[in-house]
Structures are given as C-alpha cells and as structure tokens.
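The sequence and structure come next.

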Amino acid sequence: MSAETPVAAGQFTRRRLQFRAWRGARPFWAGLFVALGGLPIAYFPYANLQIGHLTLAMATTAGAGSLIIGVLLVVLGVSLWFQKHVRVFAGVAAILLALVSIPVSNLGGFFVGFLLSLIGGAMAVSWVPGEPPRAEPPVEGKGRGDAPEGVVPGADVPSTTVPGTPVPDATIPQPRDGVEEPNDLSGTSPANGANGRHSAG
C-alpha cells in the first residue's frame, strides 16, 4: 500500500459527491432516458440483422428521417443536462419526436427508443428545481427545551412550605387546602365546579 492510497480514495469520494450535487440540480435521469431513446431509433434503420445465412435489412424508406429523429433526441437529452431552463420545451419535443418515430423508424426502434424517449420527455416536463431548506421559525409560546414559558431551566422553584418539611414534587397534583377531592371522573361533582352538568368536551 502506498501513501497516496487514502488521498485517491478521498478524491474519488469528493468527485462522486460533486457529481451527485451536479446531478441533483438538473433533470439528469430525464436527459439520460431521452438520449438513450434516440440511439435505437437512429441505429435500427441502418442495421442488418443476421439470421443464419439470411441477412435481413431493416432499412426503411425514411432512413434519413430516422437518423434525424435519433440525433435530435440525443441532442435534447444532452441539452437537458446543461440547459435545464429548456426542460419543458425539450420534454415536449422529445414526446412528439417519440410519437413520430413510430411510423417513421421501425415502430420507434422496436418500441425501445419510443418508450425511453416518452418516459424521459415526461420526466423532463414534470421536473422542477428543488428549494433550498429554510430554517423554521421558533414556535411562539414555548420556552427553551422542555421547560414551560417563563421558567428558566435549572432555576430553583420557590417554595411556600414550612422550613424543615419535605418539598412536594411539582409534577404530582396536590390536594387544594389539604382537602382531598373525590376521585370522580364523570365531571358532575360539585367540588370541581360542574354543578351536576356534564361537560361536552
């Protein structure tokens, strides 16, 4: 192992993260699908298929039209990478060219180029740039951490008890004035001020 191995690994990670950031700021996958869809559309009309000793020419009468459609789709795919502001135009043009390739170019490159271009064009039209994350404003009426508003965390709670007696826990509800209220959960006890009426909430 040489001393340059960690540097190379760090440089690879840095390049990968740079490519990831570049890819995330543009319709990368839409451009890739559109460019890949143009290749079979342009290739198949000029290819010869060998079946044993039989040579099958797949050339059509509109071979030049197939080449133009394929090249245009590749150019639109690359332009989606480097000119992301034309994404709607490029997406609509890719969809139209994919539809035109069905009668012109061997059923759109045997439906492979047609489907790739159609999906890439739809992705380009629907892509929108992401918004940078914004800091959320603090919620009013809440103190710092888990402390209620007006209570400073870590501060001593003033005690109104007699010196020498244990301080009651503030989290446990204590009876008022030493009189224990009955454990009535119906809400109809006169002790809680309901006067026999049921509360609706």
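## Handedness and model

A crossing is called left-handed if the near helix is turned anticlockwise from the far one by less than a right angle, and right-handed if clockwise. Helix 2 passes helix 6 in a crossing that is left-handed in this sense. The model described here is predicted.

## Chain overview

The protein chain contains 6 helices and 2 strands. Along the sequence these elements follow the pattern α-α-β-β-α-α-α-α.

The chain has 201 residues, of which 24% are buried. Taking contacts between residues at least 6 apart in sequence, 62% join residues at least 24 apart.

## Helix 2 with helix 6

Helix 6 spans residues 112–126, and its axis comes within 7 Å of the axis of helix 2, with a crossing angle of roughly 155°. Angles over 145 degrees count as roughly antiparallel, and helix 2 and helix 6 are therefore roughly antiparallel to each other. The crossing of this pair is left-handed.

On the side of helix 2, the contact is made by Trp 29, Ala 30, Phe 33, Val 34, Leu 36, Gly 37, Gly 38, Pro 40 and Ile 41. Helix 6 contributes Val 112, Gly 113, Phe 114, Leu 116, Ser 117, Ile 119, Gly 120, Gly 121, Met 123 and Ala 124. By class, the contact of helix 2 with helix 6 comprises 13 nonpolar and 6 polar residues, with no charged residues.

## Helix 2 with helix 3

Helix 2 (residues 28–43) also packs with helix 3 (residues 63–82), at an angle of about 165° and with the axes 7 Å apart. Helix 2 and helix 3 are therefore roughly antiparallel to each other. Their crossing is left-handed.

Residues of helix 2 in this contact are Phe 28, Ala 30, Gly 31, Leu 32, Val 34, Ala 35, Gly 37, Gly 38, Leu 39, Ile 41 and Ala 42. They meet Ser 66, Leu 67, Ile 69, Gly 70, Leu 73, Val 74, Leu 76, Gly 77, Leu 80 and Trp 81 of helix 3. The residues of the contact of helix 2 with helix 3 divide into 15 nonpolar and 6 polar, and no charged residue takes part.

## Helix 4 with helix 6

Helix 4 and helix 6 pack at an angle of about 160°, and their axes are 7 Å apart. The two helices are therefore roughly antiparallel to each other. Helix 4 passes helix 6 in a left-handed crossing.

From helix 4, the contact involves Arg 87, Val 88, Gly 91, Val 92, Ala 94, Ile 95, Ala 98, Leu 99, Ser 101 and Ile 102. From helix 6, the contact involves Phe 114, Ser 117, Leu 118, Gly 121, Ala 122, Ala 124 and Val 125. The contact of helix 4 with helix 6 has 12 nonpolar, 4 polar and 1 charged residues.

## Individual residues

Ser 79 belongs to helix 3. A polar atom of the Ser 79 side chain lies 2.8 Å from the backbone oxygen of Leu 76. Apart from neighbours within four places in sequence, Ser 79 is in contact with Lys 84, Val 86 and Ala 90.

Val 100 lies in helix 4, which covers residues 87–104. With a relative accessibility of 40%, Val 100 counts as partly exposed. Val 100 and Gly 65 are separated by 35 residues in sequence, while their C-alpha atoms are 9.8 Å apart in space.

Notes: Residues are numbered from 1 along each chain as its sequence is written. This is a predicted model: local features need pLDDT of at least 70, side-chain atom pairs count only at pLDDT 80 or more; totals for chains, interfaces and linings use all residues. Side-chain values use heavy atoms; hydrogens and water are left out. Axes are lines fitted to C-alpha atoms, for helices over the stretch in contact, and angles run from 0 to 180 degrees between N-to-C directions. Helices (H or I, at least four residues) and strands (E, at least two) are DSSP runs, numbered from the N terminus. Angles under 35 degrees count as roughly parallel, over 145 as roughly antiparallel, 65 to 115 as roughly perpendicular and the rest as oblique. Contact means heavy atoms within 4.5 Å. Ala, Val, Leu, Ile, Met, Phe, Trp, Tyr, Cys and Pro count as nonpolar, Asp, Glu, Lys and Arg as charged, and the others, Gly among them, as polar. A polar contact is a pair of N or O atoms within 3.5 Å; within protein, one must be able to donate a hydrogen and the other to accept it, and residues adjacent in sequence count only if both atoms are side-chain atoms. Buried means under 20% relative accessible area, exposed over 50%, partly exposed in between (1.4 Å probe, protein chains only).
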